[in-house]
Structures are given as structure tokens and as C-alpha cells.
Amino acid sequence: MASGTAALVFASPAQAATCSWYSGQVGNSSNCDNQDPDALGSACGSDARTVASVVLKRSYDGAATGPTVDLRYSGNCRTVWARIRGAWGADYDQMGCTVTIHRNSDGQELYRSPSFGSTNATVWTNVLYDAGVTSYASGHCDTSPGYQYDGRTINW
């Protein structure tokens, strides 16, 4: 049992080393861009944490009553992704919610929306590599004409 545990500990740094900028590019594109954080393995997910959050504000009065957007970060893999909680999917008369991760160095963005008709959903984007650059998460929800919710986190 102890040797199995040691193997797991040693696997984490090897997995973390697999994410990097493509040769000659810094802050543009990475071999880990656009991958599901769960698919990158336990080394990337085991240390994942929320580094910033924002409750989306209603457009007509500024009330912070919408879903929550989180900026998630893995230090092991140097990746970020956006998550939205309490969101709804599109249906026949509304566009629903979309969460976005944005990398500032090159403007790269990845989006995700809850499935059609879902309510109180939690979804997340795929990851962007973030070593030496900053990123932010944002969200937008449309419930019906006149009811929009928007917000973004700080840069991280």
C-alpha cells in the first residue's frame, strides 16, 4: 500500500511538467489549452482552487442576484478555467448563461453553457495555460427581454 501511495506522489510533478508554452511562444498557445481540467489528471485537479469569484449583476438595477462565476486555478499545471454555479441553460424564450475564460496575453477565450433547459447548473470551461500571464473569468445570462446578468472576476 505504501508503494502505491508513493507512486501517486511522484506522478504529480511529471503531470505538471506536461503543460508548457509551445516553443518560441510565451503567452500565446500551449499544449494544455482547451483541455477539460478533469482530463489533465489528478495532478492538475488535486490542487485546484477558486482564486476569484463574482456574483453576476442584473443589468437594469445592478443587483447582485445572478449566478456565481469562479476563476479556478491549478498551480501544479499552471492552468486556469472558469466555472459558473446556479446557472440555467437556454430554452424556447431565453438564451441562458455562458461562462468564459479569457487569457489577457493573446485574447484567447473559451466558453461553456449549461445544457438546454437546465436549471441551477454548474458548468466549467476547458483550461488555458497561464504561466507568467494573467486571465479572468466572466459570465453572461439572458433570462428574457430586459433581464440580463453580467460580471467578471479580477485578473489573476
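Guide: Start with serine 144, which stands opposite tyrosine 147 in β10. Keep in mind that the model is predicted. Tyrosine 147 belongs to strand β10, residues 147–152, and serine 144 to strand β9, residues 135–144. How many bridges join β9 to β10? There are 6, and the two strands run antiparallel.

Now step back to the sheet. Strands β9 and β10 belong to an open sheet of 5 strands, with the order β2-β10-β9-β5-β6 and antiparallel pairing. Which strands form the edges? They are β2 (57–58) and β6 (109–112), and each of them pairs on one side only. Look again at the order: β9 sits between β10 and β5.

Cysteine 97 and cysteine 141 form a disulfide, with their sulfur atoms 2.1 Å apart. The torsion about this S-S bond is about 115°, so the disulfide is right-handed. Cysteine 97 is in strand β5 and cysteine 141 in strand β9; the pair links distant parts of the chain, 44 residues apart. Are these two cysteines buried or exposed? Both cysteine 97 and cysteine 141 are buried.

The count comes to 2 disulfides. The other joins cysteine 19 and cysteine 32, whose sulfur atoms are 2.1 Å apart. Here the torsion about the S-S bond is about -90°, so this disulfide is left-handed. Cysteine 19 and cysteine 32 both lie in the loop between α1 and α2, so the pair ties together parts that are 13 residues apart in sequence. Cysteine 19 and cysteine 32 are both buried.

Side chains of opposite charge can pair when their charged atoms come close. Aspartate 33 forms a salt bridge with arginine 103, the closest N and O atoms being 3.0 Å apart. The pair links distant parts of the chain: aspartate 33 is in the loop between α1 (2–16) and α2 (42–45), while arginine 103 is in strand β5 (residues 96–103), 70 residues away. So we are back on β5, the strand that also holds cysteine 97. How covered are the two partners? Aspartate 33 has 14% relative accessibility, so it counts as buried, since buried means under 20%. Arginine 103 has a relative accessible area of 0%, so it is buried as well.

Two other salt bridges meet at one residue, aspartate 70. Arginine 83 forms a salt bridge with aspartate 70, the closest N and O atoms being 2.9 Å apart. Arginine 83 is in strand β4 (residues 79–87) and aspartate 70 in strand β3 (residues 68–74), 13 residues apart. Aspartate 70 is buried, at 0% relative accessible area. Arginine 85 also meets aspartate 70 in a salt bridge, at 2.6 Å from N to O. Arginine 85 lies in strand β4 and aspartate 70 in strand β3, so the pair ties together parts that are 15 residues apart in sequence. Arginine 85 is partly exposed, with a relative accessible area of 36%. There is a network to note as well: salt bridges that share partners join Asp33, Arg103 and Asp106. In total, the count comes to 5 salt bridges.

One more stop: threonine 125. It lies in the loop between β7 (121–124) and β8 (128–129). Threonine 125 is buried, with a relative accessible area of 0%. What does threonine 125 touch, not counting residues up to four places away in sequence? Its contacts include Pro37, Trp81, Val99, Ile101 and Tyr111.

Finally, zoom out to the whole chain. The chain has 2 helices and 10 strands. Along the sequence, the pattern is α-α-β-β-β-β-β-β-β-β-β-β. Buried residues make up 44% of the 156 residues. Of the contacts with a separation of 6 or more, 60% come from residues 24 or more positions apart. The chain exposes about 7800 Å², and carbon and sulfur atoms supply 54% of that.

Note on methods:
Residues are numbered from 1 along each chain as its sequence is written. This is a predicted model: local features need pLDDT of at least 70, side-chain atom pairs count only at pLDDT 80 or more; totals for chains, interfaces and linings use all residues. Side-chain values use heavy atoms; hydrogens and water are left out. A salt bridge is a side-chain nitrogen of Lys or Arg within 4 Å of a carboxyl oxygen of Asp or Glu. Helices (H or I, at least four residues) and strands (E, at least two) are DSSP runs, numbered from the N terminus. Buried means under 20% relative accessible area, exposed over 50%, partly exposed in between (1.4 Å probe, protein chains only). Two strands pair if DSSP finds at least two bridges between them. Contact means heavy atoms within 4.5 Å. Accessible areas come from the Shrake-Rupley method with a 1.4 Å probe; for residues, only the protein chains shown count as cover. A disulfide is a pair of cysteine sulfur atoms within 2.5 Å.
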